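Please keep the sequence and the structure in view while going through the points.

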Amino acid sequence: MTVKTPDWQRTLQMRYWALNPNKTFIRVTAPAKEAGTGTLRLGTNMWNYLPSVEQTIKIPPSLMLESWMGSDFTNDDLVRESSIVTDYSHRIDGETMEGGDPCYRIVSTAKPNAPVVWDRIILYVRQSDAIPRREEYLDSKGKVQKVLTLGDIRETSGRLYPMRWKMISVNKQGHETVLQFTKLALDRPIPNSVFTQENLRRPF
Amino acid sequence: MLFFSMAWRNVWRNRRRSLLTVMAIGLGLAFNIFLRGVTDGWHDEMIDNSVRAEIGHIQIHRAGYHEEPSINKTLPDPPEVERAIRGLPNLLGYSFRVIGSGLASTAENSTGVEILGVDPAQERTVTTVQRVIVSGQYLSSGVGRPVLIGELLARRLKASLGDKLVLVVQAADGSMGAQLFRVTGIFRSGSPELDGGIVYILRSDAQDLFWLGDRVTEAVVLLRSAREVPGAVTALQRNLRRDDAEILPWWIVEPFIKQLIQLDDAFFYVIALIFFVVISIGILNTLMMSIFERTREFGVMMALGTKPGQIVRLVLEEAFGLGLVGLGVGCALGSAATLFFAKEGINLASVKAGAAVTGITSSVVYTELTQVNLIYSSIAVLVVVLVVALYPAARASRLKPIHAIRYV
């Protein structure tokens, strides 16, 4: 993951385990200063582990919109994906070109009373194989706040998958985060013991 | 001179009536001066409270920090800034701080906080947080990484003295900084904003935590009085010729207090206006009485060749004389009352709850007598008296001598 801001730029290497729909485990492996830092998500609960102080910290709801590891992804971005199906209603709103591919433009509007951050999400999905190319996140005023672009679509474990995710914060000039998957294995069984606080506290 | 001595004698012709008028003017003016004195004292106290609670009289940062704070916007050339600050007259103290935001967390809970990295010896000269520590002490050295937190925050995090507290921040290089601190002190300022949202740590610890080296975020300056601020800002701008630094007086840092003061001033002017209306009706009454009473006298004067303009002048001078005496009485009484309470203070314990918003508060207000107050109030009284006297003067000058002489 590479984070770029006007003041600094840094690259983190990390391993990522996900058991859909709602379990995620992330461990930073480089650089040395931050290696061992971990994030565990179970449903809507989130914990960070900080090896420098050997402490696990539960992320309170009030900090869900704060940046995750200094990137343009928020804590909420890591938690939220699971609920896009249940918390939004979707409708196809025309066809456009995106990243060189013909795409459907899908407008997802938050259902009333859904506990979500974004009022609307606009998805651009490739017509040929339903792979998303671009996602725009809109706030309650209808203003685009974040744009996620997906690229480098390759075949892994027998499936096509976007290997490069680029998140831009529209209102923060010069801030962007690129997630590049270097190795990806899908449909592999993961033991449940990965997604535990014990594992979180045990770097390597 | 003839008319003035005539006017002066006319003023004292009906002693009781004139004295009553003088007292009305005097008491009104005295009340006005005193009220302004209370307001001035209260405002000074309010400014002083918020200034000494956290923000200081003047803050210096890297340009653009106030608009959009960031840990990467560090103060340019602190030694140069320090030299400029030391050159200020009426300097009480200054402090260099590291300021950033982060997550404070204990085993029980976590919450976002503002982190203030200070050198206690320096910070003591600016803020008064050491006076409101309810348990423990102010960043005692000797303990590895001490942290001083507010009472509200301590309750939220379920932290007490000696407990571990983890601060997680985004450091200046973008990395996650996290360090273990130990709670060595808990303060209660009365302001929920400070008590629930600020943690004090040592400046050197903050520089480690935020990966800042020896850089700092802000210099904060305390002067002898808020009145010195505009001059000091100009002096700093002159001595610190840097485009990459911003020099901000307290009212830009904390516009809320300034607005509160302006609102309060508006109330004061409304009350002052009401008072002047009441005074002017009293004066008008006295003057009209003395004009009616002397209709024949004016008739004779005019029959003997006194011009209408001279009559106007006479009446105006009478009013001026009354005003002048009233002014003396009012200034004397008002100043005496204001100076008395400037020493003794007025206990406002009953309204203290409302004062908590302004920071660390004591419940006693000390009035303050300023030259501006005296001068403006006096001018206002004289103007009011003269304006009010215009009508009776005009009436007197329009008398027809032939009718006036026969007036019973």
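The points below take up conventions, confidence, the two chains in turn, and then two residues.

This is a predicted model, in which local features need pLDDT of at least 70, side-chain atom pairs count only at pLDDT 80 or more, and totals for chains, interfaces and linings use all residues. Residues are numbered from 1 along each chain as its sequence is written, chains are lettered from A and ligands numbered from 1 in the order in which they are written, and side-chain values use heavy atoms, with hydrogens and water left out.

**Confidence**

- The predictor assigns the complex an ipTM of 0.70 and a pTM of 0.73.
- Where pLDDT is low, the predicted coordinates should not be read in detail.

**Chain A**

- Three helices and 14 strands make up the secondary structure of chain A; helices (H or I, at least four residues) and strands (E, at least two) are DSSP runs, numbered from the N terminus.
- The radius of gyration of chain A is 17 Å, close to the 17 Å that the globule rule gives for 204 residues, so chain A is as compact as a globular protein of that length. The radius is taken over C-alpha atoms, and the rule is 2.2 Å times the number of residues to the power 0.38.
- Along the principal axes, the C-alpha atoms of chain A fill a box of roughly 50 × 40 × 35 Å.
- Of its 204 residues, 44% count as buried, where buried means under 20% relative accessible area, exposed over 50%, and partly exposed in between (1.4 Å probe, protein chains only).
- Among contacts in chain A between residues at least 6 apart in sequence, 36% join residues at least 24 apart.

**Chain B**

- Chain B has 15 helices and twelve strands.
- The radius of gyration of chain B is 31 Å, well over the 22 Å that the globule rule gives for 408 residues, so chain B is more spread out than a compact globule.
- The C-alpha trace of chain B spans about 100 × 45 × 30 Å along its principal axes.
- Buried residues account for 51% of the 408 residues in chain B.
- Of the contacts in chain B with a separation of 6 or more, 78% are between residues 24 or more positions apart.

**B:Ser105 and B:Leu165**

- B:Ser105 lies in strand β2 (residues 91-105) of chain B and is buried, with a relative accessible area of 3%.
- Leaving aside neighbours within four places in sequence, B:Ser105 is in contact with A:Ile57 of chain A, and with B:Ser110, B:Leu165 and B:Val166 of chain B.
- B:Leu165 belongs to strand β6 (residues 164-170) of chain B and is buried, with a relative accessible area of 0%.
- Not counting residues up to four places away in sequence, B:Leu165 touches several residues, among them B:Ser105, B:Val147, B:Ile149, B:Gln179 and B:Phe181.
- The C-alpha atoms of B:Leu165 and B:Gln179 are separated by 8.4 Å, and the two residues are 14 residues apart along the chain.

Conventions:
Contact = heavy atoms within 4.5 Å.
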